[in-house]
Amino acid sequence: MKKILILFSFLIFGSLSLKAQKVECTTRAGNIPYMFSKEKQDSINTILAINSPYCIRAYITVFADDNGSNRADTDANILANFQFMVNSFQTHSICFMLINIRQINNTDLNNHDSDTEEAELNPFRITDCLNIFIHRSLPGNGTAYAIPNTYCSLDGVSYNIATMGHEVGHCLGLYHTFQKFGNPSVQENVTRNSGNACYNCTTQGDLLCDTPADNDGGVNGSCVYTGGGTDPCNGSSFAPMTSNMMAYGNFLCRNAFTTGQGSRMRSTIVGNATINDLATNDIVYRPSSSNSTITWTINEGFETARDELYISNYVNDAYNVSGSAVRRFVSKKVYLRPGTHFYPTTGRVHIKTNPYCN
Ligand SMILES: [Zn+2]
């Protein structure tokens, strides 16, 4: 019995320590900070309010082994993570729509080395969607590969409730709160007084001054920072925001972005053309004018709008889905007007209202 207990505790502590050693996030920050010029930011600021909230199309791919076993995560858990992400972004006028969760059987991609095999994802990336890939095994809990980016990967076994929102934060232009650029020995200092000689929050750290300087120390079960340490310039104690989604520490404490982070993400959606393609328009008409016809007989695709999606709305227009075509229609409201013809044979038509954008 004693032997069994020893073996049992070894197994438990062995797996616990293995999990603790896993890197939280392996997103590469790049050498040049991702920032807009002042002129560009000024023009973005004039646009920012108009289409708010910005609704990002998300497409989730969950991998399994070649024979369908070892699925990286369940739909129920993926949806719980997705909802947590939605909640953390909504106060910053960013919402989401989930186009689909699909399963791809591929043992190699289920056990994915995101450090060296990033390009293997390319055939599976869905255009105009934020692609969230969930694998059985990754080097870290997750990675967004680059900042910004249109896709990220999550480890379906080791990730936590805050990982999806963290990686999507990178995708929308955010750095870690403890980021260091260029010279890794230069620390963001604590002061937020621009008259102080130690003031460097605009050029160091995550380049945001409303996220407190962070030296990536520990956070206890009460979400209190235990890392200690003082900044090297004037010896001020670090007091990082333990609830910040882009920090490490205790994942159970993470659920919030700052105003500055929200602004950075919305600026990325407006000002970065590639990321802007992920956002759906508020009201969409398909076709977009009278006397037009759209016909789908093969292939898979989607039509989306944040608020209202009108199919075959105008005089003498038509929207046809037949054969093996698969079409997904997602919006707060979907209107199917005269001239809409759905008669797929081996294909399918999905019509979904979006619960993730209020
Ligand atoms: Zn990260």
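A residue is counted as buried when its relative accessible area is under 20%. By this criterion Cys253, at 5% relative accessibility, is buried. The structure described here is a predicted model, and the chain in it is divided into domain 1 (22–174 + 257–276), domain 2 (178–243) and domain 3 (281–353). The C-alpha centres of domain 2 and domain 3 lie 50 Å apart.

A zinc ion is held by four protein donors, namely Cys25 (SG), His166 (NE2), His170 (NE2) and His176 (NE2), at 1.9 to 2.1 Å. The angles subtended by the 4 donor atoms range from 101 to 118 degrees, and the arrangement is therefore tetrahedral. Along the chain, the donors follow the spacing C-x140-H-x3-H-x5-H. His166 belongs to helix α5 (residues 163–171), whereas His176 lies in the loop between α5 and α6 (259–271), so the pair ties together parts that are 10 residues apart in sequence. Both histidines are buried: the relative accessible area is 3% for His166 and 7% for His176.

The model contains 4 disulfides. A disulfide is a covalent bond between the sulfur atoms of two cysteines. When the bonded cysteines are numbered in sequence order, the pairing reads 1-8, 2-6, 3-4, 5-7. Cys129 takes part in no disulfide, and the nearest cysteine sulfur, in Cys55, is 11 Å away. Cys129 is buried, with a relative accessible area of 1%. The sulfur of Cys171 lies 4.4 Å from that of Cys152, the closest cysteine sulfur, which is too far for a bond. Cys171 is likewise buried, at 0%.

Among the disulfides, one joins Cys95 to Cys357, with an S to S distance of 2.0 Å. The torsion about this S-S bond is about -50 degrees, so the disulfide is left-handed. Distant parts of the chain are linked by this pair, since Cys95 lies in strand β3 (residues 94–105) and Cys357 in the segment after β16, 262 residues apart. Cys95 is buried at 4% relative accessibility, and Cys357 is buried at 2%.

A disulfide also joins Cys198 to Cys233, again with an S to S distance of 2.0 Å. Its torsion of about -80 degrees makes it left-handed. Cys198 and Cys233 are both found in the loop between α5 and α6, 35 residues apart. Cys198 is buried at 7% relative accessibility, whereas Cys233 is partly exposed at 40%. Cys223 and Cys253 form a further disulfide, with an S to S distance of 2.1 Å. Here the torsion is about -95 degrees, so this disulfide is left-handed. Both cysteines lie in the loop between α5 and α6, 30 residues apart. Cys223 is partly exposed, with a relative accessible area of 30%, in contrast to the buried Cys253.

Strands β9, β12 and β15 form an open sheet in the order β9-β12-β15, with parallel pairing. Neighbouring strands are turned by 5 degrees against each other on average, direction ignored. Strand β9 is joined to β12 (residues 318–323) by 4 bridges, and Thr293 stands opposite Ala318 in β12.

In strand β13 (residues 326–331), 6 of the 6 residues are buried, so the strand is largely enclosed by the rest of the structure. Val326, Arg328 and Val330 are buried on one side, and Arg327, Phe329 and Ser331 on the other. Strand β13 runs parallel to β10 (residues 300–304), to which 5 bridges join it, and Glu300 stands opposite Val326. A further 6 bridges join β13 to the parallel strand β16 (residues 348–353), where Thr353 stands opposite Ser331.

Note on methods: Residues are numbered from 1 along each chain as its sequence is written. This is a predicted model: local features need pLDDT of at least 70, side-chain atom pairs count only at pLDDT 80 or more; totals for chains, interfaces and linings use all residues. Side-chain values use heavy atoms; hydrogens and water are left out. Two strands pair if DSSP finds at least two bridges between them. Helices (H or I, at least four residues) and strands (E, at least two) are DSSP runs, numbered from the N terminus. Axes are lines fitted to C-alpha atoms, for helices over the stretch in contact, and angles run from 0 to 180 degrees between N-to-C directions. Domain bounds come from an automatic or database domain assignment. Buried means under 20% relative accessible area, exposed over 50%, partly exposed in between (1.4 Å probe, protein chains only). Donors are N, O and S atoms within 2.8 Å of the metal (3.2 Å for Na, K and Ca); water is not among the atoms, so sites may look incomplete. Four donors count as tetrahedral if all angles lie between 85 and 135 degrees; four count as square planar and six as octahedral if opposite donors are over 155 degrees apart and all others between 65 and 115; anything else is irregular. A disulfide is a pair of cysteine sulfur atoms within 2.5 Å.
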